[in-house]
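Here's a quick briefing on a protein model. Take a look at the structure first, and then we'll go through it, beginning with a single residue.

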Amino acid sequence: MDNAAIPTPGHLDADAVRALIDHAILKPELTRSDVDAQLDEAAAYRVFSVCVRPSDVAHAVERLTGTGVGVGTVIGFPHGTTSTAAKVAESLQALADGAFELDMVQNIGAARSGDWDRVEQDVRAVVDAAGDTVVKVILETAFLTDDEIVAASRAAQRAGAAFVKTSTGFAGGGATAEHIRLMRDTVGADTGVKASGGVRGLDTLLEMVDAGADRIGTSASARILDELAHRSETGAASSLGDDASSY
């Protein structure tokens, strides 16, 4: 399952937008029925993948079988402070349960301390455990300076990560176009950049793609795709606006 080539924002059609979206189903309070409703929505809108809580991976894989929607999960979420051994164990369990991508939180405290060897080793251990599976590294950019974002992106890239990612969506700050540009300029064209946290509507998604993101994490998938359909049909924005409850 590969991302489609992403055209410029002015030429994004519905299939291209679907190919960008990892639909987030991560709130800790979600019940099984809540999760199922979100899984069914992801299947109905045919997004690229869902990103679910680790304990939901096997169930999500079973429920989405045959839909074409991949199942990813998070590692060391949301604080990144679990031990490297715990992250590796969590990764191996997620893979055994059927996850096809892993979004790990870097050791944020180590990053803020400038301990880049520790950050890199933590990421590398998960990358090694994942084998050929895509690993995205969540930097939690709201906590970092620009210099730390650059250094963290480079550490993740050296460790073999496939993507660097802005945010968990649970740290009081999310993706910004400025941070996406900084990350893209740092990692170049060979490493993906995922914008996550605060992408609550189509205009924000387009802004992130224009800044250099090639994957989007959001729980506002339905709102985004409904707005795109409306604009495609009418040539004008709808009254839907952003989904204020999304993350």
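D122 counts as buried, because its relative accessibility is 3% (buried means under 20% relative accessible area, exposed over 50% and partly exposed in between, using a 1.4 Å probe and protein chains only). Keep in mind that this is a predicted model, where local features need pLDDT of at least 70, side-chain atom pairs count only at pLDDT 80 or more, and totals for chains, interfaces and linings use all residues. Residues are numbered from 1 along each chain as its sequence is written, and side-chain values use heavy atoms, with hydrogens and water left out.

**Around D122**
- You'll find D122 in helix α6, which covers residues 116–130 (helices are DSSP runs of H or I with at least four residues, strands are runs of E with at least two, and both are numbered from the N terminus).
- Skipping neighbours within four places in sequence, D122 is in contact with T84, K87, M104, V105, Q106 and N107 (contact means heavy atoms within 4.5 Å).

**The whole protein**
- The protein has ten helices and eight strands.
- Its C-alpha trace spans about 55 × 40 × 30 Å along the principal axes.
- Of the protein's 247 residues, 51% count as buried.
- Among contacts with a separation of 6 or more, 66% come from residues 24 or more positions apart.

**Surface**
- The protein's accessible surface comes to about 10300 Å², and carbon and sulfur atoms hold 48% of that (areas come from the Shrake-Rupley method with a 1.4 Å probe; for residues, only the protein chains shown count as cover).
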